[in-house]
Amino acid sequence: MTATPAPALTAPVRFERHGLIGLLRIANPPVNALSPATVAGLIAGLAAFEAAPDLQALVIHAEGRTFVAGGDISSFEAPDFSTVPYNSFLARLEAGQRPVIALLHGTPLGGGLELAMACHRRLAVASTRLGLPEVKLGLIPGSLGTQRLPRLVGAVLALDLMQSGRMIAAPDALQAGLVDELIVAAPGLPAADGLLQAGLARVQSLLAEAGGAAALVRRSSAQTAPGGPLPADFFSQALATAARKPQYPALAGLVRCAEAAVTLPFAQGEAVEAEVFAGVLRSGASASLRHLFFAEREAAKIPGLPKDLPLREIRRVGIVGAGTMGGGIAMNFANVGIPVVLVEATPEALDRGVALVRANYAATAAKGRMSLAQVEQRMGLLQGSTDFERLSDCDLVIEAVFENMALKKEVAARLGQVCRPGAIIATNTSTLDVDAIAEATGRPADVLGTHFFSPANVMRLLEVVRGAKTAPEVLATVMKLAGRIHKVAAVSGVCYGFIGNRMAEPYMREAEFLLMEGATPAQIDAAIEAQGLAMGPCRMLDMAGIDVGAKTVIELGKAGGLPDDPSYRALCRKLFELGRFGQKTGAGYYRYAGRTALPDPEVERISAALAAEHGVQRRSDISAAEIVERLLYPLINEGALILEEGIAYRPGDIDIIWTAGYGFPDHRGGPVFLADAIGLPAIVEALTRHGQRHGAGDPHGYWRVAPLLARCAAEGRRLSDVGRG
Ligand SMILES: NC(=O)c1ccc[n+]([C@@H]2O[C@H](COP(=O)([O-])OP(=O)(O)OC[C@H]3O[C@@H](n4cnc5c(N)ncnc54)[C@H](O)[C@@H]3O)[C@@H](O)[C@H]2O)c1
């Protein structure tokens with residue numbers, strides 16, 4: 001087969017002739033996303049094919065690692081964004097009389113899969129994974145994906161795929177009818193080239209077998225959904241399920257679209273999709289989710305570092321302390337094939353720690369999410385020891401021993417000695433001074449904080465703490481490693497509690513003051529959970545352990561870091577004193593029947609007694625609105641201080657930390673994004689009002705408005721835009 005280079009069309013799409021087959025070759029690295037230039041190129045390429053009547057078929061193929069893996073999300077922000085040019089291109093592509101065949105590899109997603117579904121045939125290599133993940137951005141497919149997918153695979157699977165945004169593997173897609181044929185790429189070539197060669201050959205044989213090109217034309221828009229009649233209440237049930245999550249309007253929108261796909265003619269379904277798309281595009285949920293999408297990518301970047309900074313290689317990881325955190329941290333690395341040495345103080349503690357990891361894997365296997373062979377493979381990557389010398393060949397060692405500065409310093413000094421030159425030493429401390437720990441190693445440039453969240457093998461967030469002397473390549477290496485272990489990472493500077501726990505402090509402070517003033521734990525949690533947070537503060541501390549929380553407060557007090565206010569977090573200290581550690585002791589802010597939290601009159605009595613002791617006035621008029629303002633606004637205010645002090649590089653990093661690590665609702669975009677949505681002047685007004693309510697001038701500065709917040713409010717600027725050019 002000879003290829004005739006054609007006149008260059010608008011990059012990044014080229015039109016070529018391969019004998020009697022036309023080829024649209026997409027090359028828009030890295031993932032062949034549908035930029036406006038790609039769409040223009042596709043339109044021009046189709047015109048070139050239409051102008052060549054001698055060609056029998058058109059093949060669409062993408063170079064590099066994947067077929068078109070989605071739309072250009074940033075274009076959704078443009079005021080003049082429109083799906084019309086792309087949609088009319090897809091309509092024209094499908095309407096042609098000669099077959100159009102997509103060759104698929106990698107991850108055809110979103111607008112890429114919509115392109116493939118507008119083609120008459122889809123041939124894929126077996127490793128291809130396909131999906132419509134728009135829901136993850138609070139959107140729906142807007143280029144007829146909602147109308148074509150149900151027609152190809154039926155409404156049940158289509159709705160499942162679109163509402164979850166999950167990918168489907170090519171062999172399953174073949175069975176479902178989304179892919180027509182699996183093909184094997186020609187050997188000895190880079191994957192995409194091998195696919196192209198095999199694909200062109202297969203299209204030729206298809207043309208020969210079909211006895212005419214026209215026989216290969218099969219338009220998904222004209223198909224009826226397979227799978228027979230659906231249960232009569234299928235869509236009403238699906239709507240009822242979606243109604244349970246009204247904060248994500250795309251879910252219900254997808255039900256409407258899927259129903260239209262199986263009950264209405266294509267053109268009417270198209271109108272339904274367009275209406276739903278326009279609605280969700282304007283929704284707060286989508287704006288928030290798109291904000292987080294970009295913030296997550298941005299958070300991985302460290303300002304001021306050269307792009308080609310050589311990174312350190314991480315082939316082997318050591319972990320000191322196999323308690324709650326150490327074991328979970330170890331699993332992250334074993335899960336991606338990185339060998340781990342787990343070092344404990346005693347053989348008993350080591351056995352306990354390793355057994356816990358095994359039990360965790362076994363539980364996953366029992367749920368069918370992992371095979372027993374995989375359990376053994378991962379456990380095989382894990383070696384335990386009580387000998388620090390075993391850490392000498394590790395490229396990264398993370399300490400996760402008790403939260404105690406003297407112990408941390410002692411461990412750090414040993415690691416400074418044992419670890420080979422060039423190895424990175426990290427601490428998992430949640431509140432302690434990373435710089436002091438770094439100095440104790442004698443090699444602070446190699447040191448930083450890696451603050452994992454519990455359970456460390458599950459929670460997505462990794463808060464990376466840069467010390468005053470952390471070497472740039474050490475920071476960059478750990479940020480890259482975070483991606484390898486599937487974490488979302490954001491950087492914090494050194495301060496008490498870093499970004500997340502520091503902002504949580506005034507939130508907890510107000511929760512406890514409100515309890516003393518007469519609110520109940522259930523009332524506080526309900527008000528906060530109604531805002532979409534996964535858990536209110538009382539339930540959260542009961543789960544994390546009141547002992548853990550109280551000890552941090554006590555330690556901070558010892559270090560002189562508490563306000564001169566004996567009522568400050570007095571309740572959690574009292575509960576700790578009484579042995580009410582939360583879930584683990586069966587009582588904390590609540591009492592527990594198993595895992596069920598029940599109101600406990602005892603807590604009311606304790607709160608009332610503390611109120612009397614500290615001269616706090618009891619009230620019966622505490623509203624949900626007051627709870628929300630008093631918990632969330634000081635948290636936002638602390639975020640503004642953190643930004644102003646340069647502890648966070650950017651506002652989006654704060655939002656990532658709170659949504660990925662603290663159960664803050666992603667459909668509200670994080671505390672900073674939410675602050676802008678509420679309006680900064682309103683927040684400043686409320687902070688000032690609450691400060692005044694505390695009488696003589698807020699002596700502890702609890703309600704002092706962060707100067708950055710006050711400035712932004714006064715100048716009509718968004719907090720989210722701080723630091724942007
Ligand atoms: N538990 C959480 O929710 C959480 C969350 C984030 C960060 N952290 C931080 O992670 C660290 C560990 O916390 P955890 O909850 O896993 O504690 P843990 O008490 O469950 O485990 C600590 C482990 O360290 C071991 N250890 C103590 N001294 C040692 C030594 N000299 N050498 C080797 N091992 C030693 C202990 O035997 C114990 O198994 C702390 O700094 C904590 O603040 C905890």
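**Interface of domain 2 and domain 3**

I counted six residue pairs in polar contact between domain 2 and domain 3, with both residues of each pair at pLDDT 80 or more. That threshold matters here, as the model is a predicted one.

I next asked which strands supply the side of domain 2 that touches domain 3. Both β16 (461-465) and β17 (488-492) contribute at least two residues each to that side. The largest share, four residues, comes from β17. Sorting the side of domain 2 that touches domain 3 by class, I noted eight nonpolar, five polar and three charged residues.

**Placement and extent**

I consulted the domain assignment, which gives domain 1 as 3-281, domain 2 as 317-494 and domain 3 as 499-721. For the contact, I recorded 16 residues from domain 2 and 14 residues from domain 3. I computed a separation of 30 Å between the C-alpha centres of domain 2 and domain 3.

**Buried area**

How much area is buried between domain 2 and domain 3? I found about 1200 Å², and carbon and sulfur atoms give 60% of this area. I then looked up which residues of domain 2 lose the most area to domain 3 and noted L461, R466 and V491. Together these residues account for 32% of what the domain 2 side buries.

Key: Residues are numbered from 1 along each chain as its sequence is written. This is a predicted model: local features need pLDDT of at least 70, side-chain atom pairs count only at pLDDT 80 or more; totals for chains, interfaces and linings use all residues. Side-chain values use heavy atoms; hydrogens and water are left out. Domain bounds come from an automatic or database domain assignment. Contact means heavy atoms within 4.5 Å. Buried area is the accessible area (1.4 Å probe) that two parts lose on being put together, summed over both. A polar contact is a pair of N or O atoms within 3.5 Å; within protein, one must be able to donate a hydrogen and the other to accept it, and residues adjacent in sequence count only if both atoms are side-chain atoms. Ala, Val, Leu, Ile, Met, Phe, Trp, Tyr, Cys and Pro count as nonpolar, Asp, Glu, Lys and Arg as charged, and the others, Gly among them, as polar.
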